[in-house]
Amino acid sequence: MSQPRHPSGLDPRTEVLTRGFDPSLSVGSARPAVFRSSTYVFSSPEAAEHAFDLMAGRVQPKPGEHVDLVYSRFNHPNAEILEDQIVPLEAGARSALVFNSGMAAIMTALLTFARPGDSIVYTVPIYGGTQHFIQDFLEPWGIIGIPAPAGDGKAIAAAMAAAPRPAVVLVETPGNPTLIMTDIDAVVRQGRSHAVPPLVMVDNTLLGPTFQHPLVLGADMVLYSATKYLSGFSDMIGGVAMASDAGLIRRMRSKRSLFGNILQPDECWMLDSRLPTVALRMNRASKNAQRIAAELARHPKIERVLYPTLFPDPEQRRIFEAQCDYPGGMMSIELRGGKPAAFEFLRHVRIARNAVSLGGVETLACHPKSTTHSGFTEAEFAQAGISDGLVRISVGIEDWHDLLADFEQALAAV
Ligand SMILES: *Cc1c(COP(=O)(O)O)cnc(C)c1O
């Protein structure tokens, strides 16, 4: 797939810099100002009354009507600017909503669209917080969580068919830390065969918005931890939901106003300033990772490298080629020698830092079995393919020769 264009006809890299911000509203400032105010002054009591009528849905805005701001838990200028500017980066998106974490975006999406008695089918492995939220929070509230193995189209279809009142199918692809890929198009087609099609949501944090375009494939919503590639410098926490159908986003917006989990003005401003470089950063990280993965795959101390261009399974290769533009900056390596080897490797890397999280300009590495995925049972480790020797690497934008040399010297110390 090539990068699809937005309906404006402009390339996303152009549009992100040219839409959604009016300098005249920021005293001519070329980049947005930060509006930290918690409350907004009305031009008249009638305007205040109208603003509350609009907010409560008692009246509908007229076409082109500018809706007055009220209070920053509901909305504020920096969220509006960011939401306008991020839309062109996600092919197929028409509307966006920003949150104060990726978990806040995921939580608000699930609480908006699933009711007690509904079920949520989700691929596993899935982000630990997401799994925890579904299993330990939503289940006791009467929403049924049904895990289905990522990458296994038949098993996912069977889970969807057997699910009582499926409201949402949440797909995380590629899966973390093994990068196993799920066929989004197949899930969408399966969903459409249901009498009441469930909403298909994709956690697009690992390859989006640059390399994977779920909305173009028919998914209803994409969810992001903006903490990762979108912000890209490991210095903030944020989340985003985007959809083609603005009505879905409108329904989530009223929940966000209630929960109070909107992204704050300063963080909106920071994230907004990072958007024009998302594609640059992701492209550099992906090229680095692809070269390093190819070299490390030949290393005698490494059992296997988990990376999309090196998938041994033809079905996984097919999904990658059909669904992703480039393989991205995430890889995992499985060291011979299990946990001691993995720990020695992490102890000896000098450029890469031993930290969880991903998607930053700097290279990070961690041992999933003892950290990010340590809550798994042995059966879950086996099913997900998370072994003792597995090290996950989020490749940054450093010079790839330097990174490879760093990994090689750390491997020599193992
Ligand atoms: C980090 C992450 C999340 C959670 O995002 P936060 O910003 O930490 O709340 C969700 N999904 C994936 C795939 C992630 O990597």
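About 3300 Å² is buried between domain 1 and domain 2, and carbon and sulfur atoms give 60% of that area. Buried area here is the accessible area (1.4 Å probe) that two parts lose on being put together, summed over both. Met181, Phe211 and Tyr229 supply 25% of what domain 1 buries against domain 2, more than any other three residues.

This is a predicted model: local features need pLDDT of at least 70, side-chain atom pairs count only at pLDDT 80 or more, and totals for chains, interfaces and linings use all residues. Residues are numbered from 1 along each chain as its sequence is written, and side-chain values use heavy atoms, without hydrogens or water.

Domain 1 spans 12-277 and domain 2 spans 278-412; the bounds come from an automatic or database domain assignment. Their centres, taken over C-alpha atoms, lie 28 Å apart. Domain 1 brings 39 residues to the contact and domain 2 brings 43, where contact means heavy atoms within 4.5 Å.

What about charge? The rule finds 1 salt bridge across this interface. The term requires a side-chain nitrogen of Lys or Arg within 4 Å of a carboxyl oxygen of Asp or Glu. Asp183 and Arg318 form a salt bridge through their side chains, at 2.9 Å from N to O.

Now turn to Ala104. This residue sits in helix α4 (residues 102-113); helices are DSSP runs (H or I, at least four residues), numbered from the N terminus. Ala104 counts as buried because its relative accessible area is 6%, and buried means under 20% (1.4 Å probe, protein chains only). Beyond its neighbours within four places in sequence, Ala104 touches Phe99 and Asn261.

Key:
Helix = DSSP H or I, 4+ residues; strand = E, 2+ residues; numbered from the N terminus. Buried < 20%, exposed > 50% of the residue type's maximum accessible area, 1.4 Å probe, protein only.
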